[in-house]
Amino acid sequence: MSYSPTAVRPHPSLPSVEIQWDNGSESVIPYRKLRFECPCAGCVNEMTGERMIQEASIPADIRITGVTVLGRYALQIQWSDGHGTGLYHFDRLWETAHSDQPSQSIATPTPANTTPESTSP
């Protein structure tokens, strides 16, 4: 099953992004985790799938500076380190939000037929 975000915004007190989903749930993903998961060719070798970015190279104070919704399938995120070529497909965002558990998932009711809003932190 595939879910789509209905809202994306900075968390009010954590260095994280909040994503509300069309199934009524909400996820909180730490900025560093999301930046590390960037799927672009500069961060992941296209031939081998090897992750090229090192977690230690991501600044501790990394922040999202902009979010663009691309159709009905992905978000393009601009980062404070100047990076912005990765397309975060909705299914991959969902997987990232629900892997491990430094990320949080909170069930909250959300209208299912709303347009994703993006807010620059």
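1. A contact here means heavy atoms within 4.5 Å. On that basis, residues 24 or more positions apart account for 45% of the contacts in the chain with a separation of 6 or more.

2. A word on what you are looking at: this is a predicted model, in which local features need pLDDT of at least 70, side-chain atom pairs count only at pLDDT 80 or more, and totals for chains, interfaces and linings use all residues. Residues are numbered from 1 along each chain as its sequence is written, and side-chain values use heavy atoms, with hydrogens and water left out.

3. On confidence, pLDDT (the predictor's confidence in each residue, from 0 to 100) has a mean of 86 over the chain, and 81% of the residues reach 70 or more. Please read residues 101–116 with care: pLDDT stays under 50 there, and the model has 35 contacts beyond four places in sequence for this stretch.

4. The chain holds 2 helices and 8 strands, in the order β-β-β-α-β-β-β-α-β-β from the N terminus. Both kinds of element are DSSP runs numbered from the N terminus: helices are H or I with at least four residues, strands are E with at least two.

5. Buried residues make up 41% of the 121 residues; buried means under 20% relative accessible area, exposed over 50%, and partly exposed in between, with a 1.4 Å probe and protein chains only. The accessible surface comes to about 6,600 Å², and carbon and sulfur atoms hold 51% of it. These areas come from the Shrake-Rupley method with a 1.4 Å probe, and for residues only the protein chains shown count as cover.

6. Now the interior. A nonpolar core is a set of buried Ala, Val, Leu, Ile, Met, Phe, Trp, Tyr and Cys residues joined through side-chain atoms within 4.5 Å. The largest one has 26 residues, and Leu 34, Ile 64, Trp 79 and Leu 93 have the most contacts inside it. At least two core residues come from each of strand 2 (16–21), helix 1 (31–36), strand 4 (64–70), strand 5 (74–79) and helix 2 (90–97), with helix 2 giving the most, 4 residues. Leaving out residues up to four places away in sequence, Trp 79 touches Tyr 31, Leu 34, Arg 35, Ile 62, Arg 63, Ile 64, Thr 65 and Tyr 88.

7. Helix 2 deserves a look of its own. Its residues Phe 90, Leu 93, Trp 94, Thr 96 and Ala 97 are buried. They cover an arc of only 165° around the axis, so they lie on the same side of helix 2; the arc is that of the directions from the helix axis to the C-beta atoms. The buried residues of this helix pack against strand 1 (5–10), strand 2, strand 3, helix 1, strand 5 and strand 6 (87–89).

8. Strand 3 (residues 25–30) is largely enclosed by the rest of the structure, because 5 of its 6 residues are buried.

9. Glu 18 counts as buried at 11% relative accessibility and stands opposite Val 28 in strand 3. Beyond four places in sequence, Glu 18 has several partners, including Ala 7, Arg 9, His 11 and Ser 27. Ser 16 is also in strand 2 and, at 5% relative accessibility, is buried.

Conventions:
Two strands pair if DSSP finds at least two bridges between them.
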